[in-house]
Amino acid sequence: MTGNSSPRASSDDNLNLIEHLARWITWPRFVFSLIMMFFLTSILFPFYWMASSSFKTYAEIGAREPVYIPGALRWEAYKELFDYWKFGANILNSMKVAIPTSIIAVILSTLGAYAVARLRFRGKEVLLNGILLVYLFPGILLIIPLFAMVAQIGARLGFEVQDNLPVLVVTYLAQTLPVALYMLANYFRTIPKEIEQAGLIDGCSRLSVIWRITLPLAIPALVSVSIYTFMIAWNEFLYALVFLNRRELFTMPIKISTIHNDPDPRPHVVMAASTIMTLPVVILFLAMERFLTEGLTAGGVKG
Amino acid sequence: MTASSKASRSSRRRWKSLEAREARLAWFLVLPTALIVFGLVLFPAIFSVWISFRDVGLNNLNDVFNAPFVGLQNYRNVLKDFAFKFQGLRSMGAAVNSVVYSLSATILTIVIGLIASLLLNRPFRGRGVTRAIFLFPYVAPIVSVAFVWRWILDPRPSGVLNDVLLKLGAIESPKAYLATRGLALVLVIVFEAWRYFPFAMLMILARLQAVDKTLYEAADVDGANAWHKFWYVTIPELRYVLGSVFLLRLIWTFNKFDDIFLLTGGGFGTNVLPVLTYQFSFKAFNFSKGAANAMILLAILVVFLVAYVGVFMRNAED
């Protein structure tokens, strides 16, 4: 019995595999896999196309048929991007805008959110509703008066409005603070009041309670707010387009758009620049995915 | 007795001053945020109304406050503009285009988001990674994804879509997808859904995971099939989240500038009000005409919101 069973067992195994597969693929599973494949392809293909195209040569780009897999990992496009287009300066500009936006937004929204979540004061509802109104106004509506207004202030105080990166930071703050405030206020409300009251009874002042007790507990929320504001400032297009004129001050999105509009089309260089711009965002996002998903649903992030 | 009443009064006074101190602290804490947000959003919004009744161009931008009053002239100019007004189905104008584009993009976004959230709601191996991948289009910079899609839809035979369709024999010769009236509008709508479905998915998924499982068990007892369960249990449970996602996405899509500007530049029958506002203000440098156009945009939005809230409230009362 044992002697006979071993060859039969192997054929059974084969049969089992097919049988297994046949049994596994029920109609719902089949449909599920099919739809899943469709989703994954349509999401991932554009990103694959971006990254792979950045390694193509000019010949591969100009071929009559698309080249799906570049012949080799060639850095031609990246070299052109940094040597000819001076993209390094643009990366730096984007950082100069995105990092201060993120830091200032976290500080200001932490203060504001704490007041909204914990303290009682008159006019809180009006203030909150007013800040929510920001959701309603299109950026394009605000940019005309802002353009005129800031020009006035600039003329009075003697600074250039155009080509001024700090001006961009302030406008990005106005765009991101409302959501940051909501996300953080929601989070602060989940921290039990009793912990803070214990601190107050021990004789700490409000500010030191915020600093020593509330903030360390809110680190996940602070991280997600800072990444969210960083991403908004990093990706922003319209305000940078209107406020920046000098090429050496362009942030990455405007520079990429300039390279794209070059009369001699250079898609591989555009893709190289896009890859450089997308990579940090995607890495940050993947690293902090859990916090961010919570934050995105809590604040209904604008975009 | 007097002593105790005095003590309670003094403690009340102290309580009051503590309350006042707390309120002062609160205002001190919110002030920077409030100043930036109101100064850079609400004040400009009001200022924009003012500009729309004046004549502001490049020449008097430095002297805005003395710009001449022109009444409704800017609004008349916008309404007469061929880029704005409806002239039949082949050139619908930015106003009608905006409504068509944002309504259909929002609905498509929600349908795809719903499908995606149903896919991710059941446990399977690799669900976490899949969910993260599904969010890619939403977190990636708009400039990068818009240019990738433009290149995939490239009119030359080396465009990916052209290549695939030519090889499949679906088309005879390469097509200029984003430069064909009608098709271009459909494609920007599809792009919008591709980019923003993750937002709808996240919201719906959060609600789906909070649905009471006993509802499905009860449906099983009643002999319901999967479709019945979806239609009579899941959808009613999702009603409110679908309503709010619809509202938010509609507002944001209606206000959206970047996507269409980067994909088609507003050409080939895809011009929408935000892009037109940009063209009036920063291509023709007629700032007041741009402001008037933006005010019309806002007016359409507000009328819609009032109508939506009215209908929604009435339904909620029923």
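Of the 303 residues of chain A, 42% count as buried, a residue being buried if 20 or more other C-beta atoms, placed from the backbone, lie within 10 Å of its own, exposed if 12 or fewer do, and partly exposed in between. The model is a predicted one, in which local features need pLDDT of at least 70 and side-chain atom pairs count only at pLDDT 80 or more, while totals for chains, interfaces and linings use all residues. Residues are numbered from 1 along each chain as its sequence is written, and chains are lettered from A, with ligands numbered from 1, in the order in which they are written.

The secondary structure of chain A consists of 15 helices and zero strands; helices (H or I, at least four residues) and strands (E, at least two) are DSSP runs, numbered from the N terminus. The radius of gyration of chain A is 27 Å, whereas a compact globule of 303 residues would have one near 19 Å. This radius is taken over C-alpha atoms, and the globule rule is 2.2 Å times the number of residues to the power 0.38. Along its principal axes, the C-alpha trace of chain A spans about 90 × 60 × 30 Å. Among contacts in chain A with a separation of 6 or more, 74% are between residues 24 or more positions apart, two residues being in contact if their C-beta atoms, placed from the backbone, lie within 7 Å.

Chain A is assigned two parts, domain 1 (2–78) and domain 2 (80–299), with bounds that come from an automatic or database domain assignment. The C-alpha centres of domain 1 and domain 2 of chain A lie 38 Å apart. Their contact takes 10 residues from domain 1 of chain A and 11 residues from domain 2 of chain A. On the domain 1 side, α2 (27–53), α3 (58–62) and α4 (76–83) of chain A each supply at least two residues. That side divides into six nonpolar, two polar and two charged residues. Here Ala, Val, Leu, Ile, Met, Phe, Trp, Tyr, Cys and Pro count as nonpolar, Asp, Glu, Lys and Arg as charged, and the others, Gly among them, as polar.

One helix of chain A deserves a visit of its own. Helix α13 (residues 252–260) of chain A is mostly covered, with eight of its nine residues buried. The buried residues of α13(A) include M252(A), I254(A), I256(A) and I259(A). Their cover includes α5 (87–118), α11 (219–235), α12 (238–243) and α14 (267–287) of chain A, together with α6 (142–152) of chain B.

Chain B, in turn, has 13 helices and zero strands. The C-alpha atoms of chain B fill a box of roughly 100 × 75 × 40 Å along the principal axes. Buried residues make up 39% of the 318 residues in chain B.

The two chains meet in a contact that takes 82 residues from chain A and 71 residues from chain B. The chain A side of this contact divides into 59 nonpolar, 16 polar and seven charged residues. A residue of chain B gives a local view: P44(B) lies in helix α1 (residues 2–52) of chain B. P44(B) is buried because 24 other C-beta atoms lie within 10 Å. Not counting residues up to four places away in sequence, P44(B) touches L142(A), P145(A), L146(A) and M149(A).
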